[in-house]
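Please read it alongside the sequence and the three-dimensional view.

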Amino acid sequence: MNDSINLSKEEGKLAMLNATKLSVVLLSTGLLVGCASKSDVTALQTQIDGLKAEQASIKSTAEEALSAAQSAEAKASSAESAARRAAAASEEVNAKLDRMFKKSMMK
């Protein structure tokens, strides 16, 4: 579960970083509106489009990582349950062997 929280924090950090990048680009665009040429605006739009694509890719990767972490957590929980059942069965067998040994010693 801590992994889920850590992934959520990482997603938040990545989203904040991308939002900051996008804000810088938009601010730059705003400052250059008065004296920007069409090629400058086109270049900035290209950068914005690239940042949007990068953000989508990062979000997708983060979602995949979260899904993998949740799957691993479920498998670990299942393995822990199996280990507990095996330990209980082992204790039961040991107790049975002890009773059988004591019984054979009494004869």
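**Surface and helix briefing**

Val93 has a relative accessibility of 48% and therefore counts as partly exposed, since that class lies between 20% and 50%. The model described here is predicted. The protein contains two helices and zero strands.

**Nonpolar surface**
- Val93 belongs to helix α2.
- Together with Leu97 and Met100, Val93 makes a nonpolar surface patch of about 290 Å².

**Helix α2**
- Helix α2 covers residues 38-106, a run of 69 residues.
- From its first C-alpha to its last, helix α2 reaches 102 Å, close to the 102 Å expected at 1.5 Å a residue.
- An α-helix has 3.6 residues a turn, so residues three or four places apart point the same way.

**Buried positions**
- Buried residues in α2 are Leu44, Ile48, Leu51, Ala62, Leu66 and Ala69.
- Across the protein, 9% of the 107 residues count as buried.

- Glu10 is located in helix α1, which comprises residues 2-32.
- With a relative accessible area of 45%, Glu10 is partly exposed.
- The C-alpha atoms of Glu10 and Ala62 are separated by 8.1 Å, although these residues are 52 residues apart along the chain.

Conventions: Residues numbered from 1 in each chain as written. Predicted model: local features only at pLDDT ≥ 70, side-chain atom pairs only at ≥ 80, totals over all residues. Heavy atoms only, no water. Helix = DSSP H or I, 4+ residues; strand = E, 2+ residues; numbered from the N terminus. Buried < 20%, exposed > 50% of the residue type's maximum accessible area, 1.4 Å probe, protein only. Expected span 1.5 Å × (residues − 1). Patch = residues over 30% accessible without salt bridge, like charges linked within 9 Å, V, L, I, M, F, W, Y side chains within 5 Å. Areas by Shrake-Rupley, 256 points an atom, 1.4 Å probe, with all protein chains shown as cover. Salt bridge = Lys/Arg side-chain N within 4 Å of Asp/Glu carboxyl O.
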